[in-house]
Amino acid sequence: MITLKTRWLIFSGLFIIVTLSYILKISMVSQPSPQVEKSFDYLETLPESTIIMVSFDHEASALPEIQPISLALLRHAFKNNLRIVGLSLFAEGTAIGYRLLNKTAGELGKKYGQDYVFLGFKPQHIAAILGMGESIKDVFPEDYIGNRSDTIPLMMSVSNYDDIDIVISFADGDRTVYWIEYAGPRYGQQVMAGLTAAMITSYDPYLASGQLYSVVGGLRGAAEYENLLGKTGKGNRSMPAQTSAHLYVIALIIAGNIIYFRNRSRQGRG
Amino acid sequence: MPAGVLQVKIITFIFLLAGSSAMASDSAETGAAWFDPATLPTLIVSIISIIIVLYSIYSVRSGREFKVREIPGLKAVEEAVGRATEMGKPIVYTPGYGGDIQRPTTIASLNILSSVAEKTAEYDCRLIYPTHDPVIMAVAQEVVKEGYIKAGYPDRFNPDDIFYISSSQFGYAAAVDGIMSRSRPASVFLLGTFEAESLIMAETGNSIGAIQIAGTDSTIQLAFFIVACDYTLIGEELFAASGYLSDNPSILSSVKAQDILKVLIALFVIVAVVWATIDSSSGWWSY
Amino acid sequence: MQTRVPLLICLVFGIIMFLQYFSAHPVARAIYQTVTNDWWQVIFAFTLIVGVAGYARITLKKLGQGRDVPYSLVALGGLVLMPVLALIGGTKINSPFMWAFENMLAPMQATVFSLLAFFVASASFRGFRARSIPATILLLTALIVLIGRLPLAEMISQYLPKATFWIKDYPSMAARRAILIGIGLGSMATALRVILGIERTYLKGE
């Protein structure tokens, strides 16, 4: 068992390394992975005015990791004049989603109601996903700020998933699975995901089978996407910290093994 | 349970299954079929699996005995409770954030809780059970109370030790960490469906020197538990706990059925791999 | 009677929910949505009241006994403050409730989540030891994946990121699928035992 003193050393070392990496402002370029390239190429090739759906299915705790991913994808979508229908199937993601949409829309001069709309939160996520396959306006009769859905210009060209090209789910848990399992097979809806790094491996089987189109995962995924977009954001700014933390953990593993073998040889001699 | 009751249930189950698969008539209003043909392979595999499980349960009547191999994590339950009693410290048992009462993993966790509760009642050791779900809290209170009654010490049961904290993941994780840091349990049970809070709890338990027994159905969190805990129940070991701890033949026979099904799946995979290697254009195994 | 009625309800609903999966009919879908969403929401709401009331009672009791006073005060304060803010100013954007959520709850949750980074460091220091051949293989694999995910990986070797993805997509995925198959079979057997009433632990621990 490692002692309290050792724990404090480990924790302090990590804190110092990460803080220094932010202070020193090192820049790094991440080569895009196949999944991020696939996600980027998909949005890049969509015709202007195509409508996509974006769902903020995450908790507030995942915001530091999810926000760079969502900002990158939203900026890309708005830059290519795609129209966005936003919603949330997680209560905590509602206000976060609304704020992120408004922020990116404001940066690119997009108008609420015409270029994007935020429908708000629906507690019964399975019923919501299935219901939107028949009629989105029935599931969300009003948007988040209280406007009737049938009076919003963007919503007049949206009935159900037939009018939505792809659903992008930003998640830190298993909400994306419901999109894949309900919107996918029943309505043929294409699904893309923006996930925390810890969740990526959980969705590998869906990627392998093609049920999930692509994934942008973790801060590294956000950094890669930003590089493809040509705009530095939180993803790239966090890469030095993440890299230094990785290197620190590698050093700890090596140090731990050196200590282990040294103690073993001492016991052998003793 | 009387043999006749189980037989009635099995027959009812099979009749309803057979009846449902025969209902392929179209609805006059919507044109939607009662049976979705796309789910046929799933139905066939489900029926085969259910038949094997039912046969195993039924065959126990013929007097066949089933033995489950030693599962270190479950064998250590008695040791963990004994340790807590000797040290005069409590036990913390928590089912994780990821699951609710519908999940089989939570049911499996409650099975183990029942056994732990009987032992803590016997040894007069405090059992603290914090949870994120009020439904699980309600069920756990009944399970623990029944455990104490079965052990013959109903007066030792304290319902305030089984409580709801918060439905927020990290509110729950922080609360459990706080409970562990302040009450310094000798033994920690982390059994259920866990998400990101798994390592937070496991490392906290490790830092206070508690013996930790963990088990989850999440493959990601399993890796964290294996590193941080003393005993980890991997895969279906968690589900075998009920039979292992109770030695109930009906339950043990269903564990045996799981093994039979696993062998069948392995054979299917081998055949499909060999076939795909020889004839890569074929795809009979996919649907 | 006390156990027979719940067992019967369990059997009937277990079979219905199993059968509805194989049906695309609107009636089947309506049954699924009614049970899993509407009824479940109602059950959850009432048990939430029980849970919160129970938690408040236990916390007040601790306060009365002088145990964990600062933590109990914070817990009760939060329990009261958020509903009061919601009732006064609503829950829309720019409301006091949202301010508390974005400036207190969200940072606190992110803080607890970020403890994982520190715990991963200490767990790695303790866990990745070359005690045996399998442990050494695990150690080397972990090092390859850790280095392979760095932006610097391409500078060290172009094969490192490829090796990382290969490990993730093949041996790791194979092991995970094997465990998932075992878990799936265990879940199925447990569910079947519950439906048939063989497993009754959830029912007063029998």
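Colleague: Which residue just after H7(B) takes a positive phi?

Modeller: This is a predicted model, and in it helix H7 of chain B covers residues 197-207. Just after H7(B), a positive phi of about 80 degrees is taken by Gly209(B).

Colleague: How many of the 11 residues of H7(B) are buried?

Modeller: A residue is counted as buried if 20 or more other C-beta atoms lie within 10 Å of its own. In H7(B) the buried residues include Leu199(B), Ile200(B) and Met201(B), and also Glu197(B), Glu203(B) and Asn206(B). The helix is described as mostly covered, and the number of its 11 residues that are buried is 10.

Colleague: Which helix of chain C do the buried residues of H7(B) pack against?

Modeller: Within chain B, the buried residues of H7(B) pack against helix H6 (169-183), strand E4 (187-191), E5 and helix H8 (219-228). Together with these elements of chain B, the buried residues of H7(B) pack against one helix from chain C, namely H4.

Colleague: What is the strand order of the open sheet in chain B?

Modeller: The open sheet in chain B has six strands, with parallel pairing, and its twist averages 15 degrees from one strand to the next. The order of the strands is E3-E2-E1-E4-E5-E6.

Colleague: Why is one side of strand E3 and of strand E6 of chain B left without a neighbour in the sheet?

Modeller: Strand E3 (162-164) and strand E6 (231-233) of chain B stand at the edges of the sheet. One side of each is left without a neighbour in the sheet because each has a single partner strand.

Colleague: How many residues does domain 2 of chain B give to its contact with domain 1 of chain B?

Modeller: The domain assignment of chain B gives domain 1 as 3-65 + 248-278 and domain 2 as 72-243. On the side of domain 1 that touches domain 2, the residues divide into three nonpolar, two polar and no charged. Domain 1 of chain B gives five residues to the contact, and the number from domain 2 of chain B is four.

Colleague: How far apart do the C-alpha centres of domain 1 and domain 2 of chain A lie?

Modeller: In chain A, the domain assignment gives domain 1 as 1-28 + 240-270 and domain 2 as 31-232. The C-alpha atoms of the chain fill a box of roughly 80 × 35 × 30 Å, taken along the principal axes. The distance between the C-alpha centres of the two domains is 38 Å.

Colleague: What share of the 270 residues in chain A is buried?

Modeller: Chain A has 11 helices and six strands. Among its contacts between residues at least 6 apart in sequence, 72% join residues at least 24 apart. Of its 270 residues, the share that is buried is 48%.

Colleague: What radius of gyration does chain C have?

Modeller: Chain C has eight helices and zero strands, and its C-alpha atoms fill a box of roughly 65 × 50 × 40 Å, taken along the principal axes. Of its 206 residues, 24% count as buried, and residues 24 or more positions apart account for 17% of its contacts with a separation of 6 or more. A compact globule of 206 residues would have a radius of gyration near 17 Å, whereas the value for chain C is 26 Å.

Colleague: Which helix gives the most to the side of chain A that touches chain C?

Modeller: The contact takes 36 residues from chain A and 36 residues from chain C. Helices H1 (4-24), H3 (63-79), H4 (91-107), H5 (125-134) and H11 (234-269) of chain A each supply at least two residues of that side of chain A, whose residues divide into 23 nonpolar, nine polar and four charged. With 12 residues, the helix that gives the most is H11(A).

Colleague: Which helix gives the most to the side of chain C that touches chain B?

Modeller: This contact takes 54 residues from chain C and 68 residues from chain B. On the side of chain C, helices H1 (4-20), H2 (26-65), H4 (96-127) and H8 (171-196) each supply at least two residues, and the residues of that side divide into 34 nonpolar, 15 polar and five charged. The helix that gives the most, with 17 residues, is H8(C).

Definitions and conventions:
Residues are numbered from 1 along each chain as its sequence is written. Chains are lettered from A and ligands numbered from 1 in the order in which they are written. This is a predicted model: local features need pLDDT of at least 70, side-chain atom pairs count only at pLDDT 80 or more; totals for chains, interfaces and linings use all residues. Two residues are in contact if their C-beta atoms, placed from the backbone, lie within 7 Å. Helices (H or I, at least four residues) and strands (E, at least two) are DSSP runs, numbered from the N terminus. Ala, Val, Leu, Ile, Met, Phe, Trp, Tyr, Cys and Pro count as nonpolar, Asp, Glu, Lys and Arg as charged, and the others, Gly among them, as polar. A residue is buried if 20 or more other C-beta atoms lie within 10 Å of its own, exposed if 12 or fewer, and partly exposed in between; C-beta atoms are placed from the backbone. Two strands pair if DSSP finds at least two bridges between them. Axes are lines fitted to C-alpha atoms, for helices over the stretch in contact, and angles run from 0 to 180 degrees between N-to-C directions. The radius of gyration is taken over C-alpha atoms; the globule rule is 2.2 Å times the number of residues to the power 0.38. Domain bounds come from an automatic or database domain assignment.
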